[in-house]
Each structure stands twice: as structure tokens, then as C-alpha cells.
Amino acid sequence: MAVSDRSALLLARLLATTGTAHFVAPRPFDAIVPRVLPGEPRTWTYVSGAVELALAAGIALPRTRRASALLAAGFFTAVLPANVKMARDWRERPAPLRMAAHARLPLQAPLVLWALKVSRDNRP
């Protein structure tokens with residue numbers, strides 16, 4: 001298996017894992033949904049989990065990998081406000097939790113770059 005295929009499948013696995021977590025344990029995700037969004041946080045949790053599962057499936061399939069990886073880069077950018085909210089909300093938590101919340105912020109950039117690389121590696 002080519003390195004680019006392994007990278008794509010690893011990204012798909014990450015998205016599938018986090019997407020599944022939105023349904024198995026939705027409460028932590030509900031808590032980071034920005035309140036400016038209309039509707040119930042649980043709805044956004046389920047929608048974002050479904051999007052992650054759909055992106056995982058699209059990236060896993062070579063035929064849809066390029067487009068799905070581009071969409072994943074956009075998705076990773078779109079969820080940044082939730083990570084900012086989590087970092088702000090967790091300011092008073094114990095240091096390890098606070099550090100974990102803050103570590104999520106700079107991790108978004110590598111996720112976006114990873115998705116873009118998967119997309120570039122799968123040009124027709």
C-alpha cells in the first residue's frame with residue numbers, strides 16, 4: 001500500500017472514530033457547540049458526527065477521496081470555533097484538562113494541512 005493511501009486511510013479512521021464518538025458520548029460535544037448557532041446543541045453534535053462519518057467514508061474510497069479530503073479541510077476549519085469555546089470554558093479546570101483544551105487549537109492547522117495533502121495526493 002502506498003504511503004498516500006495509508007495517510008488517507010489513517011485520516012478516514014480518525015474521522016470515523018471522532019464521528020462515532022459524537023453518537024456514543026454526545027454530552028462533551030454538546031458542551032462545546034457555540035451558543036450563537038440556532039437550535040439545540042445535540043442537533044449540531046449529531047450533524048457534525050454524521051458529517052465526520054460521511055467524510056471518513058468518502059476519504060476511504062479512492063474514487064471520492066480527493067473531494068472528500070477537500071471537504072474535510074473545510075470541516076476542520078469550520079469546527080475551530082467549538083475548540084475556541086472549549087478552551088475558554090475550561091479556563092478554570094485543572095491544569096491537565098486546561099492544557100488539553102488549549103492543545104486542540106493549534107492541532108487544527110495540521111489537520112487542515114493533512115486533509116489538503118490527502119487531496120493533492122489524489123489528483124486525477
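Predicted model: local features only at pLDDT ≥ 70, side-chain atom pairs only at ≥ 80, totals over all residues.

Trainee: Which residues of H3 are buried?

Mentor: Start with the general idea: an α-helix has 3.6 residues a turn, so residues three or four places apart point the same way. With that in mind, look at the buried residues of H3, which are Pro 41, Thr 45, Ser 48, Gly 49, Glu 52, Leu 55, Ala 56, Gly 58 and Ile 59.

Trainee: And what covers the buried residues of H3?

Mentor: The cover includes helix H1 (3-24), helix H2 (27-32), helix H4 (65-78) and helix H6 (95-121).

Trainee: How should I describe two helices that pack, and at what angle do H1 and H3 pack?

Mentor: Two packed helices are described by the angle between their axes and the distance between the axes. For H1 and H3 the angle is about 155°, and their axes are 8 Å apart. Angles over 145 degrees count as roughly antiparallel, and H1 is therefore roughly antiparallel to H3. The crossing of these two helices, H1 and H3, is left-handed.

Trainee: Which residues of H1 and H3 meet?

Mentor: On the side of H1 they are Ala 8, Leu 9, Leu 11, Ala 12, Leu 15, Ala 16, Thr 18, Gly 19, Thr 20, His 22 and Phe 23, and on the side of H3 they are Thr 45, Tyr 46, Ser 48, Gly 49, Ala 50, Glu 52, Leu 53, Leu 55, Ala 56, Ile 59 and Ala 60. Sorted by class, the contact of H1 with H3 has 14 nonpolar, seven polar and one charged residues.

Trainee: How do H1 and H6 pack?

Mentor: H1 and H6 pack at an angle of about 135°, and their axes are 10 Å apart. H1 and H6 are therefore oblique to each other, and their crossing is left-handed. Ser 4, Ser 7, Ala 8, Leu 10, Leu 11 and Leu 14 of H1 make this contact with Leu 111, Trp 114, Ala 115, Val 118 and Asp 121 of H6. The contact of H1 with H6 has eight nonpolar, two polar and one charged residues.

Trainee: At what angle do the axes of H4 and H6 cross?

Mentor: The axes of H4 and H6 cross at roughly 165° and come within 7 Å. That angle makes H4 roughly antiparallel to H6, and H4 passes H6 in a left-handed crossing. Among the residues that make the contact are Ala 69, Ala 72 and Phe 76 of H4, together with Leu 111, Val 112 and Ala 115 of H6. The residues of the contact of H4 with H6 divide into 10 nonpolar, three polar and two charged.

Trainee: Which residues of H5 are buried, to finish with another helix?

Mentor: They are Ala 82, Asn 83, Lys 85, Met 86 and Ala 87, and what covers the buried residues of H5 includes H2 and H6. Asn 83 counts as buried because its relative accessibility is 2%, and beyond residues up to four places away in sequence Asn 83 touches Ile 32, Arg 104, Leu 105 and Gln 108.

Trainee: What is the relative accessible area of Asp 89?

Mentor: Asp 89 also lies in helix H5, but Asp 89 has a relative accessible area of 43% and therefore counts as partly exposed. Asp 89 and Ala 31 are 58 residues apart along the chain, and their C-alpha atoms are separated by 9.1 Å.

Conventions
Residues numbered from 1 in each chain as written. Heavy atoms only, no water. Buried < 20%, exposed > 50% of the residue type's maximum accessible area, 1.4 Å probe, protein only. Helix = DSSP H or I, 4+ residues; strand = E, 2+ residues; numbered from the N terminus. Contact = heavy atoms within 4.5 Å. Axes fitted to C-alpha atoms, helices over the stretch in contact; angles between N-to-C directions. Parallel < 35°, antiparallel > 145°, perpendicular 65-115°, else oblique. Left-handed = near helix turned anticlockwise from the far one by under 90°. Nonpolar A, V, L, I, M, F, W, Y, C, P; charged D, E, K, R; others polar.
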